[in-house]
Amino acid sequence: QVKAATTPSFPMKDDPAIKDLRSFLWSSIDNHDSLDLDQVEFCQKRDNGEIHVRVAIADVDYFVPKDSLTDKHVSNNATSVYMGIETFHMLPTPLSHDLSSLKEGEDRLAIVIEYLVSVDGTIHGGDVYRAIIHNYAKLVYEEVGDWLEGRGPMPAKIASLSGLKEQIQLQDEAASRLLELRRKNGAIELAMIEAKAVIENDTVIDLKIRHLTRANLIIENFMVAANQTMVGFLMSKNTPMIQRIVRTPERWMRIVDLAKSLGGSLPIEPDSGALADFLMHQKAIDPNHFPDLSLTVVKLLGRGEYTIVYPGVASHGHFGLAVLDYTHSTAPNRRYVDLVIQRLIKSVLAQAATPYTKNELRDIAGWCSDRDQASKKVERFMRKVEAAVLLSERVGETFEGIITGASIKGTYVRLIHPPAEGRIIHGEEGLDVGQKVRVRLTSLDPAQGFIDFVRVNKSAK
């Protein structure tokens, strides 16, 4: 089936429901090595100051029809798994890297999500439809971010393409509006440490930390707004759907205690707005330790999951984003839920019957939640393998760390530098998530991803 797949001929004159938007200056911002491009963006400013945002999502369903053999393969995978050394793609790579990727310089089918961003950051006027688009420039997060933040030159692709400079600056303005309103509404902002192995001659020589830039925030805020718009569109059509939720945290009192230990104060009842204000304050007064605090809060907030939501029935909401209705729809090349949402959208646009029963949606939500957690477990394991290789010559040394897990399964610590994580096998009594600690590296097994420490000062708070 994959070998037989070909790019559709354009324009598709036999389908007037598909808009031809190839004249718009679409571009993408992604990692430098990403080939599975899911979305591109284009903005226009209106006379009243509003910014018209369009986000085009790759039409993966065109190449992977429901219940096809390829679909069975893809649904079983449910997600792409990023292991640092190698990536296991949800889709067969001829699709995700080529036909269903919104590649630079190519015409592609897409689902377009559009909305208006007011001066105060509110969004309205949402709509969803099919289109043909053309990606004129594949841009890179770090290069665009350094330019926007005044740390580097304008990327060559932006400088060489007429109008792209103004386009990216307008996207940055729209994202800033969206972010400011999300902050006011209580969205929780975190600064997670994401380490990627630096490999030379098949040897891990360092763990490089990725830093979020304004370019990352453009995509993050555009996708949050796009996913909210998608939910609103489907709900207005009385369509059952899968939403992404983060429940009210069960360990809220531990978050309250953590805030108190840092001189802050949080209410007894879970309040995302109060937590967001506390985190913003801590980021301002202690930016160096904010990633450690972010990691602790993530652990205590709990994991996200997928669930079926019926029209007219209240969702559990997404505590971290401070929104009630949210889904995943903007990455169908690497998440199966997004492909399912795409099929729901197409059925609505075609005024056809919903392609899934409620039981099917419930089963898909459960399976994708399971695979999402499984993939994260594998990715964490590979980070441990990389870290164990890096630390293989440093047994006996002492490090500063922060407790990232404390349960009957064990107590785990992440080092400040290098950002490696392992288990405390002695002296772990009384430690809890968020505590600072000094540990000594005692042993490791790279093949198993085992890194073992002992605690060397029990007076750490």
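**Helix packing, a pocket and a cavity**

Helix H8, residues 272-285, packs against helix H9, residues 290-301, at an angle of about 160 degrees, and their axes lie 10 Å apart. Angles over 145 degrees count as roughly antiparallel, so H8 is roughly antiparallel to H9. Keep in mind that this is a predicted model.

Stay with this pair for a moment. The crossing of H8 past H9 is right-handed. Which residues meet there? From H8, we have Leu275, Phe278, Leu279, Gln282 and Lys283. From H9, we have Phe290, Leu293, Val297 and Leu301. By class, that contact has 7 nonpolar residues, 1 polar and 1 charged.

Next, the second largest pocket. Its space is about 390 Å³. The lining has 15 residues. Nearest the centre of this pocket lie His32, Glu142, Lys208, Ile209 and Arg210. Which elements each supply at least two residues of the lining? They are helix H3 (141-148), strand S9 (194-200) and strand S10 (203-210). On class, the lining of this pocket splits into 7 charged, 4 polar and 4 nonpolar residues.

The largest cavity has a volume of about 30 Å³. Its lining consists of Ile57, Ile111, Met230, Ser329, Asp338, Ile341 and Gln342. Helix H10, residues 336-349, gives the most to that lining, with 3 residues. The classes here are 4 nonpolar, 2 polar and 1 charged.

Conventions
Residues are numbered from 1 along each chain as its sequence is written. This is a predicted model: local features need pLDDT of at least 70, side-chain atom pairs count only at pLDDT 80 or more; totals for chains, interfaces and linings use all residues. Side-chain values use heavy atoms; hydrogens and water are left out. On a 1 Å grid over the protein atoms alone, a cavity is a set of points where a 1.4 Å probe fits but cannot get out, and a pocket is an open set with protein on both sides within 12 Å along at least five of seven lines; lining residues have an atom within 4 Å of a point. Grid points are joined across faces, edges and corners, and a volume is the space filled by probe spheres set on the points. Helices (H or I, at least four residues) and strands (E, at least two) are DSSP runs, numbered from the N terminus. Ala, Val, Leu, Ile, Met, Phe, Trp, Tyr, Cys and Pro count as nonpolar, Asp, Glu, Lys and Arg as charged, and the others, Gly among them, as polar. Axes are lines fitted to C-alpha atoms, for helices over the stretch in contact, and angles run from 0 to 180 degrees between N-to-C directions. Angles under 35 degrees count as roughly parallel, over 145 as roughly antiparallel, 65 to 115 as roughly perpendicular and the rest as oblique. A crossing is left-handed if the near helix is turned anticlockwise from the far one by less than a right angle, and right-handed if clockwise. Contact means heavy atoms within 4.5 Å.
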